[in-house]
Amino acid sequence: MKTLVKNETKPHRLRRTVQLIFLGICLFIGWRFIEFYHSCLNSAQPIAARPPGVEAFLPISALMSARYWLQTGIVHAVHPAGLLIFAAILALSFLFKKSFCSWVCPFGLLSEKLADVGRKIFRRNFSLPKWPDRLLRSIKYLLLGFFAYVISCRMSLADLEAFLESPFNQMADVRLLQFFLHPSPTTIVVLTILVILSILVRNFWCRYLCPYGALTSLAGLLSPTHIKRDIPSCIDCGKCAKVCPASLPVDRLITVYSDECSLCLECVEACPVSNTLGVSVAFTKRRVWPTMVAWSIVGIFVITLVYGKCSGHWKSSVTPQQMAQQIKELQLADPPQP
Ligand code: SF4
Ligand code: SF4
């Protein structure tokens, strides 16, 4: 007879702690960057420093730098931190599937919180029927495929270099900031629709639209770590499948190979029987404990930061004075709408 032993691990709290740490880092970077931006606009010399971590929000530029590095072996100097963070995200996905989405990305956390709002209002989140769901899930892969095709097949090395050196790329982070500081009516409408859809359907943005999510999903397919269910001790209660944000039938699988699994460990926490669900390493009987996942994720980003700083591939080659000059020119050429 199967005995029910309370599962004592609390991966949810652990994951939330890691998410909040990364959210805090992102907010700090955002605040420092806004300070830098205003100091460029309001004084002759920028008095605040530009935080290189802001380049984490420039995935297209990072994709271009990645191809440039693959072809030349050189880390392009305009957004070097962006490339290193991109590499860290890929490394994390090879190690722990698309855990970046559920443990690190602030938009992943925002999506979860919006879904919580939906559950409070409607007592549930809605899911799309199977075929629309599959069709919509392909959008993020199409977007990623489009960018990858243009960057790898339609641009010569000279084109790539010209783009990476261009004022447009140098100012990509400033343009992104202006996009959010002075949103156009269309931006506000699109963001409002996305918020409403994320309240109704769990992880709408991550599941259907985010090209970064597509990249982590594809890289995650090569990961050796998977959620594994121990059939002899499973009591078939179905709680794991019920809480899975990716709607995966965890209770009917032995190993979860799906590209949609973000290793969020909600199923592990929900399982009432100890050691029935867990993260396993392929071809071994080894279990990876939630704390190991958490420390590895933090470790990868700390190593990336230390490596970037020690190797000189962290700060942009564009000086703060050059950026200040370009920010003023941009402001004159394209003043924000009140
Ligand atoms: S299978 Fe488990 S770890 Fe994977 S997404 Fe679903 S709940 Fe999260
Ligand atoms: S939560 Fe899932 S794995 Fe755990 S006992 Fe229930 S059905 Fe089995």
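Colleague: How many salt bridges does a search of the whole structure find?

Modeller: This is a predicted model, in which local features need pLDDT of at least 70 and side-chain atom pairs count only at pLDDT 80 or more, whereas totals for chains, interfaces and linings use all residues. Residues are numbered from 1 along each chain as its sequence is written, chains are lettered from A and ligands numbered from 1 in the order in which they are written, and side-chain values use heavy atoms, with hydrogens and water left out. A salt bridge is counted where a side-chain nitrogen of Lys or Arg lies within 4 Å of a carboxyl oxygen of Asp or Glu. Under that definition, the number of salt bridges found is 14.

Colleague: In which helix do arginine 137 and aspartate 133 both lie?

Modeller: The side chains of these two residues meet in a salt bridge, with N and O 3.3 Å apart. Helices (H or I, at least four residues) and strands (E, at least two) are taken as DSSP runs, numbered from the N terminus. Arginine 137 and aspartate 133 are four residues apart, about one turn, within residues 130-153, that is, helix α6.

Colleague: Is aspartate 133 buried or exposed?

Modeller: With a 1.4 Å probe and protein chains only, a residue under 20% relative accessible area is buried, one over 50% is exposed, and one in between is partly exposed. Because its relative accessible area is 9%, aspartate 133 is buried.

Colleague: How many residues apart are lysine 140 and glutamate 260?

Modeller: Their side chains meet in a salt bridge of 2.9 Å, N to O. The pair links distant parts of the chain, with lysine 140 in helix α6 and glutamate 260 in the loop between β2 (255-256) and α14 (266-270). Both residues are buried. Their separation is 120 residues.

Colleague: Which residues are linked in a network of salt bridges?

Modeller: The bridge between arginine 137 and aspartate 133 and the bridge between lysine 140 and glutamate 260 have been described above. The residues linked in the network are Lys98, Asp133, Arg137, Lys140, Arg207 and Glu260.

Colleague: Is aspartate 236 buried or exposed?

Modeller: Aspartate 236 forms a salt bridge with arginine 229, the closest N and O atoms being 4.0 Å apart. Arginine 229 counts as buried because its relative accessibility is 11%. Aspartate 236, in contrast, has a relative accessible area of 58% and is therefore exposed.

Colleague: How many aromatic pairs are counted?

Modeller: Rings of Phe, Tyr and Trp (its six-membered ring) pair if their centres lie within 6.5 Å; planes under 30 degrees apart count as stacked, over 60 as edge-to-face and the rest as tilted. By this rule the number of aromatic pairs is ten.

Colleague: How many residues apart in sequence are the parts that phenylalanine 100 and tyrosine 212 tie together?

Modeller: The two rings form a tilted pair, 5.9 Å centre to centre with 40° between the planes. Phenylalanine 100 lies in helix α4 (residues 99-104) and tyrosine 212 in helix α12 (residues 211-220), so the pair ties together parts separated in sequence. Phenylalanine 100 is buried at 10% relative accessible area, and tyrosine 212 is buried at 14%. The separation in sequence is 112 residues.

Colleague: What kind of pair do the rings of phenylalanine 122 and phenylalanine 126 form?

Modeller: Phenylalanine 122 is partly exposed at 39% relative accessibility, as is phenylalanine 126 at 31%. Their ring centres are 5.6 Å apart and the planes meet at 65°, so the pair is edge-to-face.

Colleague: Which residues come nearest to ligand 2?

Modeller: A residue is near a molecule or strand if one of its heavy atoms lies within 4 Å of it. Of the 13 residues around ligand 2, those that come nearest are Cys234, Cys237, Gly238, Cys240 and Cys271.
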